[in-house]
Amino acid sequence: IEGESGVGKDVIARAVHAASPRHKQAMVTVNCGAIPENLLESELFGHVKGAFTGAVAAKEGRFQAAHRGTLFLDEIGEMPIHLQVKILRALQEKQVMPVGGTKTQNVDIRVLAATHRDLENAIQAGEFREDLYYRLNVVEIELPPLRDRGEDLMLLARFMLKRARDEYGSSVKDFAPRAVSLMKNYGWPGNVRELRNLIERIAILQPDSKEKVSNIIKESLKNVNYNDKITKNSLSIPLKEARENFEKEYLTIQLKKFNGNISKTANFVGMERSALHRKLKGFGIKEF
């Protein structure tokens, strides 16, 4: 499952599990980028008592916990390369060896993996094993960023608004045309996660009119000025092309502002560094 950070890869993984014959069994998630490297092998495969300092009792790993269910390896691109060999072996042989153990354990699992990185580029850079990539990449699901989802944007916004209204007791029921225009003309660098945060902000502040809702949205989406961006030229081209033009101009300005520093630019615009690299390459923006 591929896509920028915040597009909802974990939601798709849960949907795949729920629709599968394994739905009555556990879905176990491992965030490969959130667990310290020295603990990741033990988290994945478990360990026996006394395997290392602090191993006062045997512990089951995530592979064993997902037996007959689904193992979701989130951010697989962040996994240390020396562990990728062991993951590949476990997938091929359907067996795991706990840290410090002498006997293998059989595991029957479906594996889903997700990443925001371009793994083919990571392979070229020596950061990801090609054999593991092809073992995982049996069926590929690529999730488009929120800015490319067309009318899905407002479907998601209204769905989230209903949920937030129920949770926070807000009286806001819909968006004024001005609010819709603002949201449709925004680049959403934080994708669905950013949209959810905006909707929750509206519900928590509990504005008592659609106009106040629009004002909250305009204040929150500071990187778009609807009146300034709708020009005669942009009105003469398709919406997708107008969005791409704005995004290219916006990223160019931000990159110049940070003197070409990719990390600082990515942090400011709310994108992962690798995702920003891909965007710049796609737009033909040279890094300087």
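Helix 12 passes helix 13 in a right-handed crossing. A crossing is right-handed if the near helix is turned clockwise from the far one by less than a right angle, and left-handed if anticlockwise. Helices here are DSSP runs (H or I, at least four residues), strands are E runs of at least two, and both are numbered from the N terminus.

This is a predicted model: local features need pLDDT of at least 70, side-chain atom pairs count only at pLDDT 80 or more, and totals for chains, interfaces and linings use all residues. Residues are numbered from 1 along each chain as its sequence is written, and side-chain values use heavy atoms, with hydrogens and water left out.

Two packed helices are described by the angle between their axes and the distance between the axes. The axes of helix 12 (residues 239-257) and helix 13 (residues 262-269) come within 9 Å and cross at roughly 125°. That makes helix 12 oblique to helix 13. Angles under 35 degrees count as roughly parallel, over 145 as roughly antiparallel, 65 to 115 as roughly perpendicular and the rest as oblique. Axes are lines fitted to C-alpha atoms, for helices over the stretch in contact, and angles run from 0 to 180 degrees between N-to-C directions.

Which residues meet? Helix 12 brings Tyr250, Leu251, Gln254, Leu255 and Lys257. Helix 13 answers with Ile262, Thr265, Phe268 and Val269. Contact means heavy atoms within 4.5 Å.

Now to the core. The largest nonpolar core has 28 residues. Such a core is a set of buried Ala, Val, Leu, Ile, Met, Phe, Trp, Tyr and Cys residues joined through side-chain atoms within 4.5 Å. Buried means under 20% relative accessible area, exposed over 50%, partly exposed in between (1.4 Å probe, protein chains only). Leu44, Phe63, Leu73 and Ile87 have the most contacts inside this core. Helix 4 gives the most to this core, with 5 residues. Ile87 touches Leu44, Phe45, Phe63, Leu73, Met79 and Leu132, not counting residues up to four places away in sequence. A second, separate core of 25 residues includes Met154, Trp188, Leu195 and Val213.

Helix 2 comes next. Its buried residues are Leu40, Ser42, Glu43, Leu44 and Phe45. They pack against strand 1, helix 3 (62-65), strand 2, helix 4 and strand 3 (95-96). Ser42 has a relative accessible area of 8%. Leaving aside neighbours within four places in sequence, Ser42 is in contact with His47, Phe52, Gly61 and Val99. After helix 2 comes Gly46, with a positive phi near 80°.
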